[in-house]
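These are my notebook entries on a structure that I had not examined before. I set down what I looked up, in the order in which I looked.

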Amino acid sequence: MTSQDTMTTREQTLRAAVRELCAEWDYEPRCDAWGGDADPEFSRELGRRGLLALTWPKDLGGAAESNLSRLAVTEELLRAGAPVSYHWAGERQIGPTLIRHGSRTLQDEFCPRLARAEISFALGMSEPDAGSDLAAVRTTATRTDEGWVINGRKVWTSGAHFADYLYVLARTSTDGDRHAGLSEFVVDTSAPGVHVQPIIGMDGGHHFNEVVFDDVHVPHRWLIGTEGHGWQQVISQLAFERGGPERFLSMYPVLGAVLDAEVFDDTDRAALRVLTAQLTVLRSLARDIAAALDAGRSPVAEAATSKYLGNRLELATLDFVRPLLGRCDERVRALFDAAVIASPKSGLRGGAAPVMLSIVTKEMQ
Ligand SMILES: Cc1cc2nc3c(=O)[nH]c(=O)nc-3n(C[C@H](O)[C@H](O)[C@H](O)COP(=O)(O)OP(=O)(O)OC[C@H]3O[C@@H](n4cnc5c(N)ncnc54)[C@H](O)[C@@H]3O)c2cc1C
């Protein structure tokens, strides 16, 4: 049975809609486009065509559809190497987090604008001494009569230079278990005391930032969920972050370009069959994860598995393409060069590869 057979008519309609928009849009397909430059107009056009926030309730700007519908859209966007970074974090995990844990006020304030890609969010989790070990977060949020005051520093904050808002994981208590003292907040990037400083990558691109919070005031209503429940809430958010097809399709545009070039001999075709089988397994896992999210579960172990194996597949994709480059044109070589520079990111962002193995092991016990 092919994946086409298991696909619903609705999924096929959504895939066709994404392909139509990508064919119309003037952009250069690229690998790792969800971590690349932002094109707010592309994201807004997706919103206008009803291709964002599919799973959210209708009264929050969504379409009350399944995560399988959303998977159809995200797979097609990644396959096309489309410029999706403006809406990616907000649509993938901030909206769903607000819907799961946020107050109705917070949902009404942000979800409809996220669904239309009117605003963009960046993720303020990692710090200089807190990456894989997020419970080591030291940024503090202190309660006042008017709200909260945030102080501290985040690093590797992708897209903070174009984001309107930040999701921030902060410490609201130092008493007892370090997991118990964490809470989640929304912060306006233009608020006094928020300093966004670029960290330039080895390719010369501006993707990362350091964000410093210097007595930043946040209203009470921008606390996400319950004070002190940040750890449990962020764990369920990470299932959204790690379980999507971007963990195994970020390098697909270069593979697709090589497939179009039709430069294979029999040995290459045998290697391609192995790669295709691995990709099929990961697509099947992505469908299981989407179904688990639809059932209201947090598929933590499945998402970590997808991220770990997806990283392996992406590196294997580059190994497959490398010897074929001599038979390909300049466009494929340019895609490949950019993909190689982007490739070390996959094993780290969203959690280091060995940490994914450790999560799977703990979850299975
Ligand atoms: C492209 C990219 C984009 C990112 N975007 C964001 C963002 O938008 N927002 C954000 O908050 N963060 C972001 N990050 C940061 C990312 O989440 C962290 O880099 C990641 O969680 C790892 O943390 P670290 O860099 O502190 O490395 P560490 O946690 O210090 O890990 C370093 C190495 O130590 C090893 N290691 C650590 N812990 C263990 C363990 N328990 N078991 C075995 N080995 C271990 C791993 O091999 C790892 O490679 C981004 C990172 C990248 C690469």
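I began at the ligand and found a backbone N or O atom of Leu123 at 2.7 Å from one of the ligand's nitrogen atoms. I noted that the model is a predicted one.

A polar backbone atom of Ser126 lies 2.6 Å from an oxygen atom of the ligand. For Trp156, a polar backbone atom is 3.0 Å from a nitrogen atom of the ligand.

I recorded β7 (206-219) and α13 (353-364) as the elements that give two or more residues to the shell around the ligand.

I listed the shell itself. It holds 18 residues, of which Leu123, Ser126, Ser132, Trp156 and Ser158 come nearest to the ligand.

Which domains supply the shell with at least three residues each? I found that domain 2 (122-231) and domain 3 (243-364) each do so. The centres of domain 2 and domain 3, taken over C-alpha atoms, are 30 Å apart.

Last, I turned to domain 1, which spans 3-119. An unreviewed UniProt entry annotates residues 9-118 as "domain: Acyl-CoA dehydrogenase/oxidase N-terminal".

Note on methods: Residues are numbered from 1 along each chain as its sequence is written. This is a predicted model: local features need pLDDT of at least 70, side-chain atom pairs count only at pLDDT 80 or more; totals for chains, interfaces and linings use all residues. Side-chain values use heavy atoms; hydrogens and water are left out. UniProt positions are given in the numbering used here, feature names are shortened, and annotations may be inferred rather than shown by experiment. Domain bounds come from an automatic or database domain assignment. A residue is near a molecule or strand if one of its heavy atoms lies within 4 Å of it. A polar contact is a pair of N or O atoms within 3.5 Å; within protein, one must be able to donate a hydrogen and the other to accept it, and residues adjacent in sequence count only if both atoms are side-chain atoms. Helices (H or I, at least four residues) and strands (E, at least two) are DSSP runs, numbered from the N terminus.
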